[in-house]
Amino acid sequence: MLTGPYDDLVAHLVRSTPLSAGEAARVVAEVMGYFAESVPDFVRRRHGELKRRGLRNEQIFELLTAELAGRRFRPPELSARQIRRMIYG
């Protein structure tokens with residue numbers, strides 16, 4: 001028996017995929033956690049990931065701007081300076 005706020009989504013995933021209820025609930029929790037990440041946390045995390053891939057800050061800032069625009073609830077547009085301040089303080 002499901003007892004969470006996203007029971008309808010979990011039930012939909014169980015009906016439409018080979019996932020069990022427990023697996024679907026974990027997937028939903030993971031996705032919700034991903035989208036609950038604050039803008040500064042997202043920027044810092046993605047900057048580190050992209051830096052480890054060898055990208056330069058100029059490239060990273062462009063990618064971050066594009067990625068932020070595609071988030072479920074779009075945050076305000078950030079300048080390169082605002083992104084830099086989130087990363088380096």
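This is a predicted model: local features need pLDDT of at least 70, side-chain atom pairs count only at pLDDT 80 or more; totals for chains, interfaces and linings use all residues.
Begin by selecting Glu 49 and Arg 45, whose side chains meet in a salt bridge with 3.0 Å from N to O.

Glu 37 is partly exposed, with a relative accessibility of 22%.

Next, select Arg 46 together with Glu 67, where a salt bridge of 2.7 Å, N to O, joins the two side chains. This pair links distant parts of the chain, since Glu 67 lies in helix H4 and Arg 46 in helix H3, 21 residues apart. Glu 67 is partly exposed at 25% relative accessibility, whereas Arg 46, at 13%, counts as buried. If you now show Glu 37, Arg 45, Arg 46, Glu 49 and Glu 67 together, you have a network linked by salt bridges, and the count for the structure comes to five salt bridges.

Now colour the whole of helix H3, residues 39-52. Helix H3 has 14 residues and reaches 20 Å from its first C-alpha to its last, close to the 20 Å expected at 1.5 Å a residue. Which residues of H3 are buried? They are Phe 42, Val 43, Arg 46, His 47, Gly 48 and Leu 50, and they pack against helix H2 (21-36), helix H4 (57-69) and helix H5 (80-88). Just after H3, look for Gly 54, which takes a positive phi of about 95 degrees.

From the buried residues of H3, pick out His 47, which has a relative accessibility of 7% and so counts as buried, the cut-off being under 20%. Setting aside residues up to four places away in sequence, His 47 touches Asn 57, Ile 60, Phe 61, Ile 87 and Tyr 88.

Follow one of those contacts to Ile 87, which is found in helix H5 and is buried, with a relative accessible area of 17%. Leaving aside neighbours within four places in sequence, Ile 87 is in contact with Val 43, Arg 44, His 47 and Phe 61. Ile 87 and Phe 61 are 26 residues apart in sequence, and their C-alpha atoms are 11 Å apart in space.

Turn next to the surface and select Tyr 6, Leu 9, Val 27, Val 31, Met 32, Tyr 34 and Phe 35, which form a nonpolar patch with about 570 Å² of accessible area together. Helix H2 gives the most to this patch, with five residues. Tyr 6 is placed in the segment before helix H1 (7-16) and is partly exposed, with a relative accessible area of 37%.

The structure holds one aromatic pair, and it is formed by Tyr 34 and Phe 35 in an edge-to-face arrangement, 5.0 Å centre to centre with 85 degrees between the planes. Tyr 34 is partly exposed, with a relative accessible area of 38%, and Phe 35 is partly exposed as well, at 43%.

Definitions and conventions. Residues are numbered from 1 along each chain as its sequence is written. Side-chain values use heavy atoms; hydrogens and water are left out. Rings of Phe, Tyr and Trp (its six-membered ring) pair if their centres lie within 6.5 Å; planes under 30 degrees apart count as stacked, over 60 as edge-to-face and the rest as tilted. Buried means under 20% relative accessible area, exposed over 50%, partly exposed in between (1.4 Å probe, protein chains only). Helices (H or I, at least four residues) and strands (E, at least two) are DSSP runs, numbered from the N terminus. Contact means heavy atoms within 4.5 Å. The expected span of a helix is 1.5 Å times one less than its number of residues. Patches are made of residues with over 30% relative accessible area and no salt bridge: like charges are joined within 9 Å, nonpolar side chains (Val, Leu, Ile, Met, Phe, Trp, Tyr) within 5 Å. Accessible areas come from the Shrake-Rupley method with a 1.4 Å probe; for residues, only the protein chains shown count as cover. A salt bridge is a side-chain nitrogen of Lys or Arg within 4 Å of a carboxyl oxygen of Asp or Glu.
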